[in-house]
Amino acid sequence: MCGICFHVNTCASSIPASFKFEDHSASAKLPDVEELLRCRGPDHFGTRRVQHDDLTLDFQSAVLHMRGSQGAVQQPCCFANDYILLWNGELFNDEFAGSGRGDTLEVFDRLRRADDVVAVLDGLKGPFAFVFYDRRKGEIWFGRDRFGRRSLLLSDDADGGLTVASVGGISSESRVAEVPAEGSVYCLELGSREIREVRYPSGVCYRKEAFWHAGTADTGTPEEFLAILRRAVARRVQMLDHPGPIGVLFSGGVDSTALAALALEESDRQVDLLTASVDGKDSPDLRTALVSYKRLSEVYGPDRVRLILCPIDAADKGMYDRVMGLSSPEVTHMDINISTALWTAARGEGIVVAPEECGTAEFRQSVLAEESEASAECRGMKVRGESGHGREKCSHDGCTRVAKDTCVRHMCKFCCRRVAAEDDLPYCRTHKAGVKDRTPTDHTAGAPLPRVLAGMCDGATRVRSEARVILVGHGADEVLGGYARYRTSELRDGLEGRRREMLKDLDRLWRRNLGRDDRVMSDHGREPRHPYLDEELIEWVGRHKLCDSEVETKPLLRGAVRLLACGALVDMAGFRKRAIQFGTRLAKVNNVAHFGKGLTKRGRQQTNNVHDDLALVIGMLHLPPWSRMPLVLNVLEPGIASAVETKVAEFRTARGEAAWGSCFRIEHLPIEVLHRTHVAGSAQALVDEADSRNHACCICMQAFTPGITKRAVCLSCRNSSHITCIASVGCCDSTGSPPLDAEDRLIPDFIKCPVCDDVSKWGDLLRTVGVYQKQPEMLGSSDEDENELDENEIEDSPVDVS
């Protein structure tokens, strides 16, 4: 693995539309590019500067030696300054196995002798990113492998230059875009300064019509899948000439346990299991890691595998600054939580947990029972019929939505949470609503906790793993169907809906995860390798039929784990999926520490008071990582902006300018820009009736523009009005009287109709125009997946107070 950087002192005259440039200010506190590159490749650092007509071309590369008996390859690779290659990749083609020569030199020889650069790249298997200079043709080629497993950023620099690099510490004033990994590479013509896109001749397997074709009947067997996965892991643990152990990013779940077991079987190296947890204390991932590690040590021997607990210091401001810079341009709250957990685990620093410290047999059985119960509940979410037909309706009076199969009240999500908030009802695990009674279901309550979970290992000796390769489970859920939202898509549109949703996730994996995570994990001089994104494995999965929701999630992988070690790991095959930010408890700790507890599920404050809202968000502006995030206050009515600005001025005076983040602004968000979306059941009928009766606002008497104007409909008299009109004249309390704190409210709690004097909740009124409904582009996601959005997780967007 390497870190590469290319710079030319000119801007591109034309850049393909697939490049999405974003703000890069989060990298302001990163060190310079050379230091970042050296962190990725500590074995060798080289530079080369050449002149091409009036242009100056600079090449930099840092090398982490992984393969080849001759030691680290000296990069940049040059041939009389006519050809220069920067290469960051590992190839797993069969012809490279056992050659004793680094793949960098082999690729360089092929490229400089070929007339068609893309044809050479098309036959390569494995992760890579590269820059190749051809003086004769005046071309600079750059790009990534088909899946985008290696980071590569294009920077449109503020000084008029263009940079292509593995890292993003070029300039915080630059605009940065991930180089797209959509089955293309790119060529910068040094004469015309134009960047053109060139497709791989063989394309991308999952973009072909035959991938998961509906006409395929064969779903494949766990035995066949295990053989494919075994070969994928073997290539990644055997094609390695540097001594040292193999690292596995380990949560104890089914994905990482399968990788750890196969790494032990396909290599004679020691395997380091790297588990992260906030402050090294109790967390769901640590519990499952202890159970799985204990079983692995029993099967393969304690001398071959060790568990390293890597504590996450949630109060380390310097760590957050570095992680934010490495993650940029992906710097949402969720990105930072995920990146921080990955960065800490990949560092590999922590305490070694011995097998005898994994708790008593009673504790391990209790964890197995808890995880199996959760997985059984997950498997109970089955599809009945197609597109939702035949499913039970919500049991709440008047609701027309579909009930969730596993809800204890047989209700939809909205009704279950509403009634649970009104009464002390039993806890619903599916919708996370109600009063928790842990006594009957918490199997770990009576079991003595291991010393690790009890926080009694603070004085233990810290170690640092010497692994240069880390096996990671990226792609397992996207390729094998691990997300709950895939079931939701199948409920709506059958197997074709599931296929469409899974393909969408595969298509954007390079943008949402792979580039960001490569920058974060490689910062410690370790190379992440992705067995679940092996070319052979993905092509094999794509030739078979998708499993429907009557089957457990990721059935092929779970079946394969049941076969490993003659069935010794069968208990681990039932473990549930849990995202890393939740399994480590980092999301919960961060959100509570910096935002407080008075939040809704998507991170918004529950009160409507202007003063409290501003105090909450402004109080966090000096804290990492939000000190680098923009704060935007959106208001529906321009007149409210003056009241907000007054409050902001008061806070500025009291706290001083130093307490403010990098960006703060107030924006008027006209209600006309909100998307009107489908509103189910009686609300839609109400809107249709009002549309046929009312053609003008009952307050200002201005005519509505059909299909454009968003209007509110009185639930009693069916008269329509502009939302801003009814909000300005109808604000009241539950009795219909004007509220005492009306001036301090951004939005009202109750609305009084000026025509019939009927009092309605503001939220009920807004549902008639679909303001609270998801926008069309968001309908693919689902709040049902507790592993993707937790109660304490902030949504994937800049901080927003509406």
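Accessible areas were computed by the Shrake-Rupley method with a 1.4 Å probe, and for residues only the protein chains shown count as cover. On this basis the accessible surface of the chain comes to about 31,800 Å², of which 49% belongs to carbon and sulfur atoms. The model is predicted, with local features requiring pLDDT of at least 70 and side-chain atom pairs pLDDT 80 or more, while totals for chains, interfaces and linings use all residues. Residues are numbered from 1 along each chain as its sequence is written, and side-chain values use heavy atoms, with hydrogens and water left out.

The chain contains 21 helices and 28 strands, taken as DSSP runs (H or I, at least four residues, for helices; E, at least two, for strands) and numbered from the N terminus. Of its 802 residues, 57% count as buried, meaning under 20% relative accessible area, against over 50% for exposed and in between for partly exposed (1.4 Å probe, protein chains only). Among contacts (heavy atoms within 4.5 Å) between residues at least 6 apart in sequence, 73% join residues at least 24 apart.

A straight helix of 38 residues would span 56 Å at 1.5 Å a residue, whereas H12 spans only 27 Å between its end C-alpha atoms; the expected span is 1.5 Å times one less than the number of residues. A bend of about 140 degrees occurs in H12 at Asp 493, the bend being the angle between axes fitted to the seven residues ending there and the seven starting there. Because 27 of its 38 residues are buried, H12 is largely enclosed by the rest of the structure.

Strand E6 (residues 83-89) has seven of its seven residues buried. Tyr 83, Leu 85, Trp 87 and Gly 89 lie on one side of E6, and Ile 84, Leu 86 and Asn 88 on the other. In a regular strand the side chains alternate between the two faces of the sheet. Strands are paired if DSSP finds at least two bridges between them. E6 is joined to the antiparallel strand E5 (residues 77-79) by three bridges, with Phe 79 opposite Tyr 83. E5 and E6 form a hairpin with three residues between them, and Ala 80 in the turn has a positive phi of about 55 degrees. E6 also pairs with strand E7 (residues 128-134) in the antiparallel sense over seven bridges, where Leu 86 stands opposite Val 131.

An open antiparallel sheet is formed by three strands in the order E25-E26-E27. Strands E25 (731-732) and E27 (759-761) stand at the edges with a single partner strand each, so one side of each is left without a neighbour in the sheet. Strand E26 (residues 750-752) is joined to E27 by three bridges, and the bridge partner of Ile 751 in E27 is Ser 760.
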